[in-house]
Amino acid sequence: MTDQASPRPAGDGPYYDPYDFDIDADPHPVWKRLRDECPLYYNEQHDFWALSRWDDVEAGLKDHHRLISGRGTVLEFLKAGVEMPPGMILFDDPPRHGVYRGLLSRVFTPKRMNSIEPQVRRYCSKALDDLRGAERFDVIEALGAPMPMRVIGMLLGIPETDQQAIRDRIDSGLKLESGEMPNAAAAQSISVAAAEGSYGEYLDWRAKNPSDDVMTQLIQAEFEDHTGVTRRLSREEILGYITLLSGAGNETTTKLIGWTMLLLGQDPDQRREIVADPALVPNTIEEALRYEAPSPVQARYVNENIEYHGTVVPKGSAILLLNGSANRDHRRWGESADEFDIHRPIHHHLSFGYGLHFCLGAALARLEARVALDEMLKRFPDWTVNLEQSEQAHTSTVRGWDKLMLAIG
Ligand code: HEM
C-alpha cells in the first residue's frame, strides 16, 4: 500500500483523478474548476472523460442509448473489460435491464421496505442505548456500518451471525490503493464465484426452507425474460441479484449516515433546530445527500461518437458522470450551492442517479438514515466530530467515512 499521490501532469488546468486520495479527501474545489473551466474534461493518465455540470450529468444519466452501463459503471471494471454477471441490473442495458429490474421491483417493494421501519428503529435504539453515558464513540462502528447490513440481511434472509463476515468482504473488495487504478482482479468481488462463496449455502438452504424474504421470492419468481421465454431465475442470476443488493445497499447507506453526523456535528445551530423540530429530519437527509453524495461518480461506456461542448468524445471511450459535482452546481442551485442548508427546497438531486438506473433502494436508504438521525438526536442532541481520530474511506465507488469519532456533549 502506497500513500503517494500519482504524478500529476504539468500545466495550470484542473486535474481530476478519482484514485488520488488527496483529491478524494475534498474533491469539491476540483469539481468546481471542472464545471467552470472545462465542463468536458479529459484525463490522459487514466484515459477517461468527465462531465461535471448539472445539465450534462442529468442528461447523461438519462442517455442510456449512447452512454451504456453494460460494460460496467465503475471505471476500472469498464477499462478492464470485465464481463458483468447476470442479475446485476446496475451493469445492464435495455431490454434485459427492464426485465431484471421489473422482477426485482416486484420483490423489493416500497411496502416491504416501509414495513420494516419498526425493526430498524428497534435496532437503532438498542445500539444507541448501549452507548448511554459514553463521552465519545465511533458512530460508524456503533450504527452506520452494522445497521444497513442488518437491514439488508433481514430482507434477504441472511442469518445475523454471518452478516459481519459478508460486510467485511464487500469492504475489502472496494478499498483502493492511492493513485492507482485497480486491475481487473478487483472485479473478483462481484464475480459469480465470489457470490457462490458468500451466499451459495443460504440459497440452497432457503430453497429447502422457504420464508417470506426476498431470497425466497427470487427463488420462486416466474417471469418472461427478454427473449420471451417464461421461466424461473437461474442460480447465477439469483446470486447476481443478492450480490448487487448487499453491495449497493450497505456501503452507500453507511456513508450517508456518516456524512449526516459529520455535517450536523459541525453545525450546532442547524442541529439544535432539528432537535427542536424533528419534522426537519427528512429534508436534512436530502440536503446531506445533495451536499456530500455517498456515490459521487458513475462511469459509462460511450456507445457512439457524442459531441459535448464542441468536442467529440469517441465511441469506445469511458466517461464519468460526476453526480457529486452536479449536486453543487450553482447553475442549478444558485449562489448558495456550497452551503449546507437543511431548509433548502430540493426538488431532486442526483445522489441516487436518475433515469433508468435510478436507485432501487432509495426509499430504504432514506428510511434508514431518517431513523438513525431521529434516534441519535433523541439521546445525544449535542456532539462534535474529532477528525483526528476519524478515518476517511477511499474507494472508487463510495465516498465517506470508515471511522467517525464523535465527542458527546
Ligand atoms: C444512501 C444510500 C444509497 C445511495 C447514495 C445509492 C446510490 C445509487 C446510485 C447513484 C445508483 C445509480 C447508479 C448508476 O446510474 O449507474 C443506484 C442504483 C441502485 N441502487 Fe442504490 N444507493 C443507495 C442505497 C441503496 C440501497 C439501500 C439499495 C438496496 C438494498 C440500493 C440498490 C440499488 C440498486 C439495485 C441499483 C440499480 C438500479 C438499476 O440499475 O436499475 N441502493 N444507487
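How many residues surround the ligand, and which are the closest?

**View 1. Surroundings of the ligand in the predicted model.** The ligand is surrounded by 28 residues, a residue being counted if one of its heavy atoms lies within 4 Å of the molecule. The closest are His97, Arg101, Arg300, His357 and Cys359. By class, 16 residues of this shell are nonpolar, ten are polar and two are charged; Ala, Val, Leu, Ile, Met, Phe, Trp, Tyr, Cys and Pro count as nonpolar, Asp, Glu, Lys and Arg as charged, and the others, Gly among them, as polar. This is a predicted model, in which local features need pLDDT of at least 70 and side-chain atom pairs count only at pLDDT 80 or more, whereas totals for chains, interfaces and linings use all residues. Residues are numbered from 1 along each chain as its sequence is written, and side-chain values use heavy atoms, with hydrogens and water left out.

View 2. Polar contacts are pairs of N or O atoms within 3.5 Å. An N or O atom in the side chain of arginine 101 is 2.6 Å from an oxygen atom of the ligand. For arginine 300, a polar side-chain atom lies 2.7 Å from a ligand oxygen atom. Isoleucine 89 contributes a polar backbone atom, 3.2 Å from an oxygen atom of the ligand. Helix H5 (96-107), helix H13 (235-265), strand S7 (298-302) and helix H18 (362-379) are the elements that give two or more residues to the shell; helices (H or I, at least four residues) and strands (E, at least two) are DSSP runs, numbered from the N terminus. H13 provides the largest share, seven residues.

**View 3. The iron atom and cysteine 359.** The iron atom of the ligand has a single donor from the protein, SG of Cys359, at 2.3 Å. Donors are N, O and S atoms within 2.8 Å of the metal (3.2 Å for Na, K and Ca); water is not among the atoms, so sites may look incomplete. Cysteine 359 is placed in the loop between helix H17 (330-333) and H18.

View 4. The axes of H5 and H13, lines fitted to C-alpha atoms over the stretch in contact, come within 12 Å and cross at roughly 70°, on a scale from 0 to 180 degrees between N-to-C directions. H5 is therefore roughly perpendicular to H13 (65 to 115 degrees). The axes of helix H9 (residues 146-156) and H13 come within 8 Å and cross at roughly 150°, so H9 and H13 are roughly antiparallel to each other (over 145 degrees).

**View 5. Backbone details in two loops.** The peptide bond from proline 94 to proline 95 is cis, with omega near 0°. Proline 95 is in the loop between helix H4 (75-80) and H5.

Note on methods
Polar contact = N/O pair within 3.5 Å; in protein donor to acceptor, adjacent residues only side chain to side chain. Parallel < 35°, antiparallel > 145°, perpendicular 65-115°, else oblique.
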